[in-house]
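Hi,

Here is the structure I promised to send over.

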Amino acid sequence: MTALNRVPSLMARAGTASALTIAAVGGSIVVPGVASEASAATLGTKALQVAASKKGSPYQWGATGPRRFDCSGLTLYSFKKAGKKLPRTAAQQYNKTHHISASSRRAGDLVFFHSGSYVYHVGIYAGGGKIWHAPKTGDVVRLQKIWTRSVWYGRVN
């Protein structure tokens, strides 16, 4: 069940007037059984904000921040600052995520680039078909459109 599908049931549980008031002021509704997904969204959103804050930081192979990054170093650093430890490499990170479909992806999920079964690059999904990532030697952390269909998505829980 997606968050949009839950809106009517959330409003029924919280009361229509109070749910609309809470939404209007930017608050959140606490509903039993929904906390784990809300926490995951918060974790991903925090990590995404950290990655975006590193815009312009130089790529350096093997670097994990705070001033220089490689691709998995940026994701490791971003999620660590958001409160979750990830393994070091893109492939190890893929193996530690909950694998999701492209249609289920949301901002803050990890995007894994692969050739066959080999995962060679990772970034953080920003929405709109774009990722924050540390591309390659000579480049910097930046927002970029996903350039291939050879990607898998993973959610950090």
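Which residues line the second largest pocket? They are Trp61, Gly62, Asp70, Cys71, Ser72, Arg88, Thr89, Ala90, Ala91, Tyr118, Val119 and Tyr120. By element, α4 (71–82), α5 (90–95) and β3 (118–127) are the ones that give two or more residues to that lining. β3 gives the most, with three residues. By type, the lining divides into seven nonpolar, three polar and two charged residues, where Ala, Val, Leu, Ile, Met, Phe, Trp, Tyr, Cys and Pro count as nonpolar, Asp, Glu, Lys and Arg as charged, and the others, Gly among them, as polar. The space in this pocket comes to about 150 Å³.

On terms: a pocket is an open set of points on a 1 Å grid over the protein atoms alone, where a 1.4 Å probe fits, with protein on both sides within 12 Å along at least five of seven lines, and lining residues have an atom within 4 Å of a point. Grid points are joined across faces, edges and corners, and the volume is the space filled by probe spheres set on the points. Helices (H or I, at least four residues) and strands (E, at least two) are DSSP runs, numbered from the N terminus.

Before you go further, the ground rules. This is a predicted model, so local features need pLDDT of at least 70 and side-chain atom pairs count only at pLDDT 80 or more, while totals for chains, interfaces and linings use all residues. Residues are numbered from 1 along each chain as its sequence is written, and side-chain values use heavy atoms, with hydrogens and water left out.

How confident is the predictor, then? The mean pLDDT (the predictor's confidence in each residue, from 0 to 100) of the protein chain is 83, and 74% of its residues reach 70 or more. The part to treat with care is residues 1–36, where pLDDT stays under 50 and the model has 17 contacts (heavy atoms within 4.5 Å) beyond four places in sequence. Where pLDDT is low, the predicted coordinates should not be read in detail.

Now the overall layout. The protein chain has five helices and six strands, and along the sequence they follow the pattern α-α-α-α-α-β-β-β-β-β-β. Of the 157 residues, 39% count as buried, meaning under 20% relative accessible area, with exposed over 50% and partly exposed in between (1.4 Å probe, protein chains only). Among contacts between residues at least 6 apart in sequence, 52% join residues at least 24 apart.

Gln93 is in α5 and is buried, at 0% relative accessible area. Leaving out residues up to four places away in sequence, Gln93 touches Ser72, Thr75, Leu76, Leu86, Pro87, Arg88, Leu110, Phe112 and Val122. The Gln93 side chain also reaches the backbone oxygen of Ser72 at 3.2 Å. That is a polar contact, i.e. a pair of N or O atoms within 3.5 Å; within protein, one must be able to donate a hydrogen and the other to accept it, and residues adjacent in sequence count only if both atoms are side-chain atoms. From Gln93 to Val119 the C-alpha distance is 9.6 Å, across 26 residues of sequence.

Thr75, in α4, is buried as well, with a relative accessible area of 1%. Beyond its neighbours within four places, Thr75 is in contact with Leu86, Gln93, Leu110, Val122, Gly123 and Ile124.

A few loop details are worth a look too:

- Pro66 sits between α3 (35–53) and α4, and the peptide bond from Gly65 to Pro66 is cis, with omega near 5°.
- Ala107 is in the loop between β1 (98–100) and β2 (110–115) and is partly exposed, at 35%. Its C-alpha is 6.9 Å from that of Gly44, 63 residues away along the chain.
- Asp139 lies between β4 (130–133) and β5 (142–145) and is buried, at 16%. The side chains of Asp139 and Arg142 make a polar contact (3.0 Å).
- Thr148 is in the loop between β5 and β6 (151–155), partly exposed at 26%. A polar atom of the Thr148 side chain lies 3.0 Å from the backbone nitrogen of Ser150.

Cheers
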